[in-house]
Amino acid sequence: MANWYVKRGSQIAGPLTRDRLNQLAAEGKVQTTDLVREDEEGEFHPAADVNDLFTGSETPAWDEFEAGPETQPQSSQASPNKSNTTLIVILAVIGVGGIFMVMVLVALLLPAVQQAREAARRSTSKNNLKQIGLALHNYLDTYRVFPPGGTQTTDGAPYHGWATSILPFVDQAQLYNRVDFDQPWNAPDNNELFKQELPVYLNPNIDEKVSPEGMGLSHYIGNELVMKTNSGIRFRDFTDDPSNTILAFEVGENFKPWGDPTNIASPADRMKSGNIKAFRGGSHVLLGDGSVRFVSENIDPAILKKLETPGGGEFIGEF
């Protein structure tokens, strides 16, 4: 039985029986533009010249030729379609692996990034309290007394708070000079001034910066036993060690506007266990000597009570 060979370009397929050749032609896998020859020797002739070879329609398929011993070296190579498929699979594997590695790296780095960000926010908030402490001591040097926590009229109407009193000492002298101290802080003539958000009174770890009424908030509260309503104490009234007396402190909830005369409270009450803290694990406090300490949320409540009094005569020790 004669063997047939089919040539397309530089590729040769065969040997094929005549029945197989007819079958491939019927399937459109041998085309009229291909060259064929009968037996192993001889010249190739157009497939269209072979009698009764083409009975069906043509298709451009070539990948199902059966390779034989005479197949040229090129026919042993992978077809372009298979090569492209292999390349796509490889690229897909690399892509998926790369995405997985990125996800692993993000998962490993995210906690470190979050810790770094919180550390930066702690540093900023701590610096805010130091600026407030310096302003309070500059006020003390100027007036020989700490500012009152808030001023009120004889009938109890609130006027102005301690954060307003120290504005000239926190680089806000222009704002201070625009305040009408003959009217309450929230009077119409003062209203726009106290809507301003002052960075020195804001903890960057807290998103809430404006009250529902549109007033700029403070994330720091004055100690009501040092900065009292309508009066402040002198430095000589610190019979306890000033380094063991709280002047102001961070809070993590229930904020008041910085101009509010009632923005004072008991540290032992606002910092007690169960209240939301400014940071994970605790809050910063400004002490009477101008230093700032981070106080754990698990601090003994009795120690907090001692830290809030300027003249209680208590022994505190380490905390």
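This is a predicted model: local features need pLDDT of at least 70, side-chain atom pairs count only at pLDDT 80 or more; totals for chains, interfaces and linings use all residues.

Me: Fine. With that in hand, what do the buried residues of helix 1 pack against?

Reply: They pack against strand 1 and strand 2, the latter being residues 11-16.

Me: And which residues of helix 1 are buried?

Reply: L21, L24 and A25, in a helix that spans residues 18-26. They sit on the same side of helix 1, because they cover an arc of only 100° around the axis.

Me: What happens just after helix 1?

Reply: G28 comes there, with a positive phi of about 80°.

Me: OK, now the sheet under that helix. What's the strand order in the four-stranded one?

Reply: The order is 2-1-3-4, in an open sheet with antiparallel pairing. Strand 2 and strand 4 are the edge strands, so to speak the ones that pair on one side only. Helix 1 packs on this sheet by touching strand 1 and strand 2, and its direction makes about 130° with that of strand 2.

Me: How many bridges between strand 1 and strand 3?

Reply: Four, in the antiparallel sense, with strand 1 at residues 4-8 and strand 3 at residues 35-38. V6 stands opposite V36 of strand 3.

Me: What does V36 pair with in strand 4?

Reply: H45 is the bridge partner of V36 there. Strand 4 covers residues 45-46 and runs antiparallel to strand 3, with two bridges joining them. L35 stands opposite P46 in strand 4.

Me: How many residues sit between those two strands in the hairpin?

Reply: Six, and D39 in that hairpin takes a positive phi near 75°.

Me: Switching topic. What about the five-stranded sheet, what's its order?

Reply: That one goes 13-8-11-14-15, and it's an open sheet with mixed pairing. Its edge strands are strand 13 (264-265) and strand 15 (292-296), each pairing on one side only.

Me: Do strand 8 and strand 13 run parallel or antiparallel?

Reply: Parallel, and two bridges join them, with strand 8 at residues 220-223. G222 in this pairing stands opposite I264 in strand 13.

Me: Now the inside. How many residues are in the largest nonpolar core?

Reply: It has 32 residues, and I132, L136 and Y201 have the most contacts inside it. Helix 2 (80-143), helix 3 (162-165) and strand 11 (246-250) are the elements that give two or more residues to it. Helix 2 supplies the largest share, six residues.

Me: What does I132 touch, leaving aside its neighbours within four places in sequence?

Reply: W162, I166, V200, Y201, Y220 and L286.

Me: What else is there in the way of cores?

Reply: Another core lies apart from that one, with 17 residues, among them I246, A265, L287 and V295. As general background, nonpolar side chains in soluble globular proteins tend to be buried together.

Me: What goes on at the start of helix 7?

Reply: A side-chain oxygen of D300 comes to within 3.0 Å of the backbone nitrogen of A302.

Me: And where is T309 found?

Reply: In the segment after helix 7, which itself runs 301-308. A polar atom of the T309 side chain lies 3.1 Å from the backbone oxygen of K306.

Me: Why does T309 count as buried?

Reply: Because its relative accessible area is 17%, and buried means under 20%.

Me: Last bit, the whole chain. How many helices and strands are there?

Reply: Seven helices and 15 strands. Buried residues make up 39% of the 319 residues in the chain.

Me: And what share of the contacts with a separation of 6 or more is between residues 24 or more positions apart?

Reply: 64% of them.

Conventions:
Residues are numbered from 1 along each chain as its sequence is written. Side-chain values use heavy atoms; hydrogens and water are left out. Two strands pair if DSSP finds at least two bridges between them. Buried means under 20% relative accessible area, exposed over 50%, partly exposed in between (1.4 Å probe, protein chains only). The arc is that of the directions from the helix axis to the C-beta atoms. Contact means heavy atoms within 4.5 Å. A polar contact is a pair of N or O atoms within 3.5 Å; within protein, one must be able to donate a hydrogen and the other to accept it, and residues adjacent in sequence count only if both atoms are side-chain atoms. A nonpolar core is a set of buried Ala, Val, Leu, Ile, Met, Phe, Trp, Tyr and Cys residues joined through side-chain atoms within 4.5 Å. Axes are lines fitted to C-alpha atoms, for helices over the stretch in contact, and angles run from 0 to 180 degrees between N-to-C directions.
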